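Have a look at the fold first, then read on.

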Amino acid sequence: MSESSVTTPLFEVDFETRVGKSPAAVYAVLSDLPRCREWSEECTGGEWVEGAPGAVGSVFRGENFRRTDVVSWAPVVRGVWHTHAEVVAAEPGRRFRWAMRTNDGRAQDSVWGFDIAPAPGGSTLVHTFRMGTATEGIRGITAEMTEDEKKRFFAEWGAKLEKDMAATVARLKKVIEAD
């Protein structure tokens with residue numbers, strides 16, 4: 001599996017749902033990243049550490065937790081760890097995206113986000129994730145793997161992403177509709 005292909009990203013996942021709230025109301029909730037603990041599978045919260053909360057260029061320091069059974073054979077981070085993410089798109093009522101940063105603060109080709117569109121009775125919400133090239137973390141995880149182990153890892157990690165994102169979208173819908 002090529003990790004540097006421009007046309008074929010390592011991971012590209014999205015999940016869509018209908019939400020019974022306006023695009024503005026949906027955006028107000030999902031762009032409030034400290035609340036992500038209410039819907040995320042791994043992010044347990046965090047805080048804005050640079051810039052105006054939710055504005056393009058601002059940085060969010062997330063606190064995360066991963067169980068020991070997640071792709072248990074691979075050397076992934078388990079327990080509590082922290083990430084830094086930079087907001088790369090903030091269009092109220094339409095789009096909110098953030099790129100994961102390297103340890104030295106550079107935005108990576110690993111972008112999470114949400115797209116929102118008006119729909120009868122509320123909004124359509126799409127949760128997206130795209131990793132074009134391997135992040136600093138993925139390179140570390142796979143550095144000593146054989147090609148077969150890398151293929152297995154990418155397949156299992158992709159399945160994990162799909163499961164996590166589906167659960168996130170279901171919980172996020174409930175949170176937004178309860179707000």
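What follows covers the overall build, the strand pairings and one glycine.

A word on ground rules: this is a predicted model, so local features need pLDDT of at least 70 and side-chain atom pairs count only at pLDDT 80 or more, while totals for chains, interfaces and linings use all residues. Residues are numbered from 1 along each chain as its sequence is written, and side-chain values use heavy atoms, with hydrogens and water left out.

**Overall build**

The protein chain has three helices and seven strands, and from the N terminus they come in the order β-α-β-β-β-β-β-β-α-α. Helices here are DSSP runs of H or I with at least four residues, strands are runs of E with at least two, and numbering starts at the N terminus.

How does the size work out? The radius of gyration is 16 Å, which agrees with the value near 16 Å for a compact globule of 179 residues. That radius is taken over C-alpha atoms, and the globule rule is 2.2 Å times the number of residues to the power 0.38. Along the principal axes, the C-alpha atoms fill a box of roughly 50 × 35 × 30 Å.

Of the 179 residues, 47% count as buried; that means under 20% relative accessible area, with exposed being over 50% and partly exposed in between (1.4 Å probe, protein chains only). Take the contacts (heavy atoms within 4.5 Å) between residues at least 6 apart in sequence: 53% of them join residues at least 24 apart.

**Strand pairings**

Two strands pair if DSSP finds at least two bridges between them.

| Pair | Residues | Sense | Bridges |
|---|---|---|---|
| β5 and β6 | 95-101 and 107-119 | antiparallel | six bridges |
| β6 and β7 | 107-119 and 122-131 | antiparallel | 10 bridges |

**A glycine in a loop**

Where does G20 lie? G20 is in the loop between β1 (11-19) and α1 (23-30). G20 is partly exposed, with a relative accessible area of 43%. Leaving aside neighbours within four places in sequence, G20 is in contact with G121, G122 and E177.
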